Structure formats: structure tokens, C-alpha cells
Amino acid sequence: MVAGMPPVERLHLDHVVQTVCVLESVVLRSFGPEGGQVLFTRDTGQAMLSRSGARILTALRLEHPLARMVVECVLKHSTVTGDGSKTFILLLASLLRMIHKMACKEPNVSHTYTSRQTAEASTARHLADNILAFALEELDDLIAMGVMPYGCCLSWEDFTAKKHLPGPSNNDCVQKLLTSFFHSRLGRSHCDFISKLTCELLTHWKFKRDQPSLSLEFVNDNLDALHTPVSGFPISCSRLIEGQVIHRDFATPCPQTEQKTVKAAVFSGYLQPKLLNAGQVLQLGCGEQWMEENSKNNSSIVQFSAWTERSLECVFANLQSLGVSVILSAVKQSAAVLSLAAQAEMCVVECVSENELSLFTQLSGATPVSDCWMVEPEHVAMLTFCRPILLGAHRYVHVAFNDSEERVTVKPCSLVICGLGEGQTDQYTCAFRDAIRMLLSTWEPMGMTATTASKRTLQSTKSTYSHVDQIPNVPPFQQCGLQPGYVIPAGGTFEFLLHHALLQNGTSCSASDDTVTSGLAVSQLLANALLIVPRQIYSHSPRHFLQAQARFQTIIQNHSHPFSLVYKQEHRSIFGESAFPLEEDKLTKHRFTEADVSAKLFMSDSGLESVSCKYQLLLAVLQCLSSILHVDTVLHTHTQSRRLANTSWEDTDDETED
């Protein structure tokens with residue numbers, strides 16, 4: 001090694017497997033319905049208790065660059081979908097173990113490679129690349145044909161509408177979906193309460209004639225301004241309040257008024273002109289000559305101050321003529337502004353954040369004032385009220401908006417999130433944010449691959465999935481790609497169904513191609529790796545895992561789809577009315593077998609999972625797998641940047657949510 005060069009570490013396949021398995025052992029403690037919380041302590045004595053996979057992984061002080069690379073892949077995925085951090089690590093570790101086992105069995109050591117380790121690494125890279133290529137081309141087809149017929153398509157209209165009819169509804173489905181999410185994130189105690197509160201929040205923020213993804217996107221983008229964390233109270237005290245909470249207090253006394261409508265104006269800059277701006281220089285002089293020149297130019301400091309006071313009085317006179325009684329400012333105003341506002345009985349709220357001002361202008365329809373000399377009626381917002389509100393130990397500004405024709409179905413509200421301590425409140429807040437991201441990923445449309453349409457036209461009715469056409473109540477749109485809004489019963493249902501679909505796909509591959517990187521080997525490897533998820537879910541009782549696997553085999557063999565029947569006969573799909581006539585629905589009610597009833601009872605108490613999130617999770621895992629197996633050398637440069645980033649839980653949590 002050349003003197004002065006950083007130390008070089010050769011990264012073998014064994015090292016990769018061991019590194020990921022260490023991360024797996026950490027997240028396994030909190031995985032599944034029976035998983036517990038992980039307690040971390042720092043040298044300062046600070047403690048953190050959490051079930052969140054992203055929080056647990058970011059709290060680790062990781063030295064190995066490969067481990068940090070894996071965690072970064074996990075965080076990128078969870079930032080988009082809000083879920084799947086622990087399952088990501090489990091699937092990655094399972095795939096690596098199986099690839100390592102297959103690579104070691106392959107008799108590929110020859111003169112081409114210098115050692116067996118090099119040969120194993122090459123085989124592992126080829127396997128990972130082939131699995132990723134297979135998933136990008138075939139996975140959406142397999143899920144559409146082998147998984148989605150057993151699921152339910154949620155309707156945004158039914159979800160956001162109040163329930164009038166008895167029986168199960170899509171609102172119940174969304175609550176089950178959220179309950180499963182909060183159960184895995186926060187535990188069993190409050191998941192029902194938090195899921196109902198989230199549903200209520202989204203019901204208030206449904207925009208007229210908008211797609212569900214747009215409404216969810218709005219809530220996700222404005223959640224910082226829409227929620228208020230309050231420490232010192234139990235989570236059961238969390239609630240929705242009308243209007244918007246601006247997280248600042250009044251800089252001037254708030255007069256009591258009985259007016260039905262309150263008018264407000266938003267200022268992005270200073271109302272009083274400043275003597276000096278940033279970068280300007282003030283020149284001071286003395287003597288008779290300087291005084292004469294200054295008087296001629298009419299530019300003394302005293303005269304400038306007098307002019308600014310007169311101009312400020314004109315600004316307030318204009319505001320009074322428009323009926324403005326509330327001023328929201330993005331900056332801190334001068335003492336003269338506050339004095340004149342108090343004399344005019346106007347409320348001033350200073351240093352309002354950009355996010356809160358943006359939300360305020362969107363909801364009120366008013367335009368922020370950039371030039372205080374040009375305040376027009378379009379700059380004036382109409383409010384129902386503007387008053388102080390006490391939340392915990394802090395006093396904020398509480399405003400409510402008049403109804404608008406553009407948003408008939410929107411009822412602006414803010415979310416108050418309570419927790420016993422700041423850390424617990426922050427965890428609840430992150431869980432709410434990730435739940436919105438999960439729902440957004442669930443309802444975002446997913447496209448098909450380039451070869452999907454033509455390939456399904458030729459093969460959908462042939463050998464592998466010919467039984468799908470025989471299944472009653474499988475809508476045609478389920479056979480044409482991944483559709484948004486689909487959910488599947490939790491508890492390993494997705495993995496069991498996709499496992500079966502992959503094995504069926506493997507049997508259609510060429511039997512003559514029995515190499516380690518063949519299509520048959522790739523399908524079988526991916527299918528077997530998926531079973532790590534239900535195995536860990538039922539790890540407390542292996543017998544329950546075998547029973548669950550046998551029941552799903554029975555469901556598939558009997559072509560029974562009880563979950564779809566329960567929810568689709570009484571409600572519209574997201575694409576409109578039911579795709580089946582009433583007569584056909586009546587006929588299918590008599591086609592229940594004992595397997596249908598058994599499966600329906602088996603799935604009735606389980607939660608729900610998003611098919612879209614599962615699909616995105618699997619693709620993210622395979623992309624991470626391919627990336628880390630292409631790393632064969634590590635250069636230790638001893639930089640401190642990443643180590644410093646991993647020493648603070650608060651900093652890493654903020655980075656994760658960006």
C-alpha cells in the first residue's frame with residue numbers, strides 16, 4: 001500500500017450478510033403485532049422508547065459504511081411511503097442469506113476467478129441484478145393477477161362521506177388500514193383512537209372534485225402548519241379544532257369585538273421604511289459645509305424619520321378605511337408600528353412562519369401585501385373570528401375562515417397532538433405524518449411496464465393464471481395493471497399470495513434452464529425470501545404460521561375471494577358504480593363454500609395493508625440489494641460528518657422527515 005493512502009477494506013459477501021443481519025437483529029425486537037418497544041439511552045442519560053423502525057435505525061451509532069448505506073436506503077423509502085422500515089431490513093437480510101447460499105453451491109470456481117470469494121461475489125451480483133430486472137418487468141403483473149383479486153379497492157367518496165347505512169363501509173376499511181399502521185408504529189393502546197382522529201381530519205380536508213391524492217398531498221405539504229404539539233397531556237386529549245392555529249402570540253393587545261366578520265391583511269415586509277438595509281453604509285459628517293449640503297439635499301436623519309412616521313400614519317389610515325383589524329407579519333415590526341396599531345385598535349402578529357402564512361393565504365384567498373403603499377381590497381382576508389387560544393403552556397392565535405364556494409366540502413381545521421413528554425409527542429407527530437404519506441402512496445396511480453399490456457393480452461388467459469377468469473367477482477380492471485386505492489388483509493396475506501404467484505410463474509419458465517440465474521431460480525428465490533415476513537409475524541407460534549399458510553392455499557385452490565365479496569357488493573368502487581349487475585351479485589352470494597366462510601372469519605379481525613406500499617417496498621429492497629452487492633471495496637477516510645449526523649436523535653429525526 002502506498003504511504004499516505006487511506007486504508008482499504010475488501011468487502012466480501014460474508015461481510016455484507018453479517019452487516020445486514022446485525023441490523024435485522026435490532027429491528028426484530030419491535031417487529032410484528034407482538035413486537036415490543038426498543039429503549040435507547042445516551043451518555044447524557046437521555047432515553048428514547050420507540051417502535052418506529054426509522055427512529056430505531058437512525059438512533060444507532062453506525063461505524064460501518066455499508067450499514068449506513070443500507071440505513072440511508074431505508075430512510076429514503078420510508079420518507080416516501082411512511083412505512084415499511086422494519087420489513088425492508090427483514091426482506092433484505094432474507095434475500096442476502098438465500099443469495100449467499102445459492103452462490104456458495106454454484107460450482108463456478110475456474111481460471112476466470114482468482115478465488116472462491118470472488119466467484120461467489122460475482123454470482124451474487126448476477127443474481128441480484130436478475131431479480132431486480134425480473135421485478136421491474138414482471139412484478140406488477142404478478143401482483144395484479146395473483147394478489148389484487150383478493151383485496152378491496154377503497155372509495156374516496158365513501159371514505160370522506162358520513163356513514164348512513166348499516167354494515168361495513170370503506171370508511172371502516174380506511175380505519176382498519178390506519179389502525180394496522182399505528183399498531184405497528186405506536187402499539188396497541190391508542191391505535192383505534194388515533195386512526196379515527198386521522199380519518200376525521202381527512203374528512204374535513206376533502207376538496208371539491210379533487211382526486212384523493214391531491215387532498216392528501218395538500219395535508220402532507222401543510223402538516224407543519226396544520227398541527228400543534230402539546231406536551232404534558234395524554235394522547236387521548238388530542239383533538240381537532242376549527243380553523244387555523246398560528247403559532248405566535250399577539251404583539252399588541254387583542255381588543256374584544258362583537259363584529260361578525262374580522263378583516264385581516266398579510267404583510268411580507270416592514271410597514272415602516274428602514275433607514276438602512278443590509279449592505280448599505282451610513283455616512284456621518286460634521287461642520288458647516290456638510291450641514292449646508294445636507295439641508296439642500298433635504299436628507300437628514302431627523303427629516304427621514306419624520307417622513308417615515310407620516311408615511312406610516314398614511315398606511316394605517318388606509319388600513320382603517322378598508323376595515324382591517326388584524327395584521328399578520330412575516331417579520332418583526334418596529335415600535336412605531338406597534339404603537340400606531342394599538343392606537344388604531346389593530347392586532348399585530350409578528351414573525352409568522354412562511355408555512356403558516358402560505359396556508360393562511362390559500363384558505364382565505366387573500367394576497368400578501370408586498371408594498372405597504374398599495375393595499376387593495378384583494379389583500380384583505382375575511383375571517384369569522386381571530387382570538388387567542390391556550391394550548392398547554394403556550395398561547396397562540398386562533399383564526400377561522402368564512403365559507404367559500406370553491407371549497408364547499410372543506411372545513412378547515414387544525415390538529416392538536418398531545419403527549420406526556422416532548423419525545424412522546426414528537427413520536428405521535430411523526431406517526432401522523434407517516435400515516436398521511438402511507439395513504440398518499442396508497443392512492444397514487446401506478447403505471448404499468450412497457451411490455452405489460454401486450455404481454456397480458458397474449459398470456460392472461462393461458463396456463464399460469466387461467467384460473468383468474470373463473471373466479472367470480474373479479475372486476476376487469478383488476479386484470480389490467482396496478483390500480484390505486486387497493487388494500488389487502490394484513491398478517492402476511494400479501495406475502496403468502498405473492499409467494500404462490502411467484503412459484504406458479506416459476507413453473508412456466510423453461511425447465512431446461514436450470515442454472516443459478518435462470519428465471520425459475522429467480523422466482524423461487526424471491527418467493528421463499530418473502531416468507532420471512534409471515535414467519536416473523538407468527539414467530540411466537542410456528543404452528544400458527546403453518547396453519548395460516550395452509551388456509552391461504554385452500555383459499556387459492558378454491559378460488560374464493562371473501563374479502564372482495566364483503567366490501568364490493570354494498571359499495572361503489574373508486575371508478576364508479578359496481579362493475580357487476582345486481583343479479584350476478586345475488587348469484588355469487590350462493591357460491592360461498594366452507595373455505596369462503598373459514599377465510600372470511602380468518603380475515604375479519606386482521607388489519608389492512610396497502611398493496612401499493614408493499615409493491616414499492618419490494619422494489620426498493622431489490623434496488624438496495626443490487627446496490628450493496630456491487631460494492632467490493634471500502635476506503636476509510638475517517639471523516640466526521642456522518643458520525644456527527646448520527647449522534648443526535650433530534651437532528652436525524654428532522655432529516656428523516658424532510
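How many aromatic pairs does the count come to? The count comes to six, where rings of Phe, Tyr and Trp (its six-membered ring) pair if their centres lie within 6.5 Å. Keep in mind that this is a predicted model, so local features need pLDDT of at least 70, side-chain atom pairs count only at pLDDT 80 or more, and totals for chains, interfaces and linings use all residues. Residues are numbered from 1 along each chain as its sequence is written, and side-chain values use heavy atoms, with hydrogens and water left out.

**Rings**
- Phe360 and Phe401 make a tilted pair, 5.5 Å centre to centre with 55 degrees between the planes (under 30 degrees counts as stacked, over 60 as edge-to-face, the rest as tilted).
- This pair links distant parts of the chain, with Phe360 in helix 14 and Phe401 in strand 12, 41 residues apart.
- Both Phe360 and Phe401 are buried (under 20% relative accessible area, 1.4 Å probe, protein chains only).
- Phe181, Phe182 and Phe432 are joined into a cluster by ring pairs.

**Nonpolar cores**
- The largest nonpolar core has 87 residues, and Leu92 and Ile143 are among those with the most contacts inside it (a core is a set of buried Ala, Val, Leu, Ile, Met, Phe, Trp, Tyr and Cys residues joined through side-chain atoms within 4.5 Å).
- Helix 24 (residues 611–629) gives this core its largest share, twelve residues.
- A second, separate core has 62 residues, including Trp205 and Met438.

Terms used. Buried < 20%, exposed > 50% of the residue type's maximum accessible area, 1.4 Å probe, protein only. Helix = DSSP H or I, 4+ residues; strand = E, 2+ residues; numbered from the N terminus.
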